[in-house]
Amino acid sequence: ARTLSPQTAETDAIRFLVGTQSLRYDNQIHIIDFDDENNIINKNVLLHQVGEIWHLSTSPADKDVLATCYNKISDNKVMTCAAVWRMPKELESGSHESPDDSSSNTQALELLCHLDNTAHGNMACVMWEPMGDGKKIISLADNNILLWDLQESSSKAVLSSSTALEGKGQLKFTSGRWSPHHNCTQIATANDTNVRGWDTRTMRQIYCIENAHGQLVRDLDFNPNKQYYLASCGDDCKVKFWDTRNVTEPVKSLEEHFHWVWNVRYNHSHDQLILTGSSDSRVILSNMVSISSEPFGHMVDDDELSDQEDHQQEEKSKEPLQDSVIATYEEHEDSVYAVEWSSADPWLFASLSYDGRLVINRVPRALKYHILL
């Protein structure tokens, strides 16, 4: 398995979706429900009968709707396609089953529509408009950015605008994120060693961080509370933090992993908490408090920071807290391809390694109380 997503529209139950990547069997979406009180994981399995799942994302508005990017073979060529699906309603209960229970009554996902991309190339990822009604999707296909409108209760996808990367060589997007700021009019994309920002209204590039990493950029995430802050990670084993208004130098850099960093995720509520997953089989939770919206232990706006500079002599006690690695999790034995925070509980996160192991962890209690109190 390579892909994991929290169920974004579900804010009560702790639920994650995992997509499998099996060559020999029908692929599946595993719906993982975590019962926090009893420390039990419940699992439901849905058939995804169209190929290995490379990417999975869930609608922010409808908890039963999701999109996948998957492989299919046509004319002896492997294509990566994308589609929007609905999960059956009857899943609400969630059965507690043993992992080897291959029950024959597995339900299938209902196909709502294909994001028809044969003309545009292989799909790398699908992004939902973060604050939207679940009707706007962007997909990245080879060197194309495609903006879709989902119509008629998502049974039809209409391409509303698109743009392409221009330049020499084989240009291909590896990943992208839709910014929750600026009225959701900006996205960031990664291709090769570069990170680019785009305005979704004009489909024009608004910034470019050239050679953001020494090697391929794998993943991006926006700070949910500070509108110009963006994190990136890549094959140079680094995680970098950028202010998109000045992209010449990263604001901070983390070098804790010793292999490719596949994933970086900001905590949705407390943006100093950063999760990273790597093919060194480790998950690292970092406290990047100096560049968070809570550098003094409380939410700070930019005006307050400039005032503080004036009163520096009086306010020595208000020193920012130090950045640090909070914990390193070593429960995985294979490359960690995905880490995600729960949508329902800000102190809980899941990580997924290639061998199909899903681990759910909590932020250490001492740190949680330190942040809250």
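Accessible areas here come from the Shrake-Rupley method with a 1.4 Å probe.

**Figure 1. Overview of the chain in a predicted model.** The chain exposes about 17300 Å². Carbon and sulfur atoms supply 45% of that area. Of the 373 residues, 54% count as buried. The secondary structure comes to two helices and 28 strands. Among contacts with a separation of 6 or more, residues 24 or more positions apart account for 50%. A search of the whole structure finds 14 salt bridges and six aromatic pairs. The views below show some of them.

**Figure 2. A salt bridge between Asp33 and Arg15.** The closest N and O atoms are 2.8 Å apart. Asp33 lies in strand E3 (residues 27-35) and Arg15 in strand E2 (residues 14-19), so the bridge ties together parts that are 18 residues apart in sequence. Asp33 is buried, at 9% relative accessible area. Arg15 also counts as buried, at 10%.

**Figure 3. Arg86 and Asp62 joined by a salt bridge.** Here the closest N and O atoms are 3.1 Å apart. Arg86 belongs to strand E7 (residues 77-86), while Asp62 sits in the loop between strand E5 (53-58) and strand E6 (65-74), so the pair ties together parts that are 24 residues apart in sequence. Asp62 is partly exposed, with a relative accessible area of 25%.

**Figure 4. Asp219 and Arg265 in a salt-bridge network.** The two side chains meet in a salt bridge of 2.9 Å, N to O. The pair links distant parts of the chain. Asp219 is in strand E18 (residues 217-222) and Arg265 is in strand E22 (residues 261-266), 46 residues apart. Asp219 is buried, with a relative accessible area of 5%. Arg265 is buried too, at 7%. Glu340 is also part of the network.

**Figure 5. Strand E22 and its partner E23.** E22 is mostly covered, with six of its six residues buried. E22 pairs with strand E23 (residues 273-278) in the antiparallel sense, over five bridges. A hairpin of six residues joins E22 to E23. Across the pairing, Asn263 stands opposite Gly277 in E23. In a regular strand, side chains alternate between the two faces of the sheet.

**Figure 6. Phe349 and its aromatic partners, Tyr329 and Trp341.** A pair of aromatic rings is described by the distance of the centres and the angle of the planes. Tyr329 and Phe349 form an edge-to-face pair, 5.3 Å centre to centre with 75° between the planes. Tyr329 lies in strand E25 (residues 324-329) and Phe349 in strand E27 (residues 348-353), so this pair ties together parts that are 20 residues apart in sequence. Both Tyr329 and Phe349 are buried. Trp341 and Phe349 also form an edge-to-face pair, with 5.4 Å between centres and 70° between planes. Trp341 is buried at 1% relative accessible area. Phe349 is buried at 0%.

**Figure 7. A ring cluster that includes Tyr337, with Arg2 over the face of Tyr337.** Ring pairs link Trp260, Trp262, Tyr337 and Tyr354 into a cluster. Arg2 lies 4.2 Å from the ring centre of Tyr337.

**Figure 8. Lys226 over the face of Tyr229.** Lys226 lies at 4.2 Å from the ring centre.

Notes:
Residues are numbered from 1 along each chain as its sequence is written. This is a predicted model: local features need pLDDT of at least 70, side-chain atom pairs count only at pLDDT 80 or more; totals for chains, interfaces and linings use all residues. Side-chain values use heavy atoms; hydrogens and water are left out. A salt bridge is a side-chain nitrogen of Lys or Arg within 4 Å of a carboxyl oxygen of Asp or Glu. Helices (H or I, at least four residues) and strands (E, at least two) are DSSP runs, numbered from the N terminus. Buried means under 20% relative accessible area, exposed over 50%, partly exposed in between (1.4 Å probe, protein chains only). Two strands pair if DSSP finds at least two bridges between them. Contact means heavy atoms within 4.5 Å. Rings of Phe, Tyr and Trp (its six-membered ring) pair if their centres lie within 6.5 Å; planes under 30 degrees apart count as stacked, over 60 as edge-to-face and the rest as tilted. A charge sits over a ring if NZ of Lys or CZ of Arg is within 6 Å of the ring centre and within 35 degrees of the ring normal.
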